Amino acid sequence: MPQKNPCQKQACEIQKCLQANNYMEAKCKSVIQELHKYCAQYPKGRSLLCSGFEKEEEEKLALKSKSK
């Protein structure tokens with residue numbers, strides 16, 4: 001039996017928000033930030049739904065180290 005994704009509920013809330021707001025991401029920033037906070041509670045790789053945030057953080061760190 002596959003393991004339940006711990007961030008599934010928050011990801012569904014983002015989808016609902018995007019659909020309700022004609023896919024205007026700016027109108028769903030607070031819901032997206034909630035998922036981001038929730039993902040921060042779990043170890044890297046624990047949730048496929050959080051992988052986009054993890055990749056974003058890695059890219060930010062890489063850019064930061066290059067600019068030094």
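Is Q10 buried or exposed?

1. In this predicted model, Q10 is buried, at a relative accessible area of 18%; the cut-off for buried is under 20%. Q10 sits in helix α1, which runs over residues 8-20. Leaving aside residues up to four places away in sequence, Q10 touches L35 and Y38.

2. The length of α1 agrees with its residue count: at 1.5 Å a residue, its 13 residues should span 18 Å, and the end C-alpha atoms are 18 Å apart.

3. Q10 belongs to a set of buried residues in α1 that also holds A11, I14, C17 and L18. They cover an arc of only 120° around the axis, which puts them on the same side of α1. An α-helix has 3.6 residues a turn, so residues three or four places apart point the same way. The cover over the buried residues of α1 includes α2.

4. On the other side of α1, the exposed residues are K9, Q19 and A20. C12 is partly exposed, with a relative accessible area of 33%.

5. The disulfide count is one. The bond joins C17 to C28, with an S to S distance of 2.1 Å. C17 lies in helix α1 and C28 in the loop between α1 and α2 (29-39), so the pair ties together parts that are 11 residues apart in sequence. The torsion about the S-S bond of C17 and C28 is about -100°, so this disulfide is left-handed. Both C17 and C28 are buried.

6. After α1 comes N22, which has a positive phi, near 55°.

Key:
Residues numbered from 1 in each chain as written. Predicted model: local features only at pLDDT ≥ 70, side-chain atom pairs only at ≥ 80, totals over all residues. Heavy atoms only, no water. Helix = DSSP H or I, 4+ residues; strand = E, 2+ residues; numbered from the N terminus. Buried < 20%, exposed > 50% of the residue type's maximum accessible area, 1.4 Å probe, protein only. Contact = heavy atoms within 4.5 Å. Disulfide = S-S within 2.5 Å. Expected span 1.5 Å × (residues − 1). Arc of directions from axis to C-beta.
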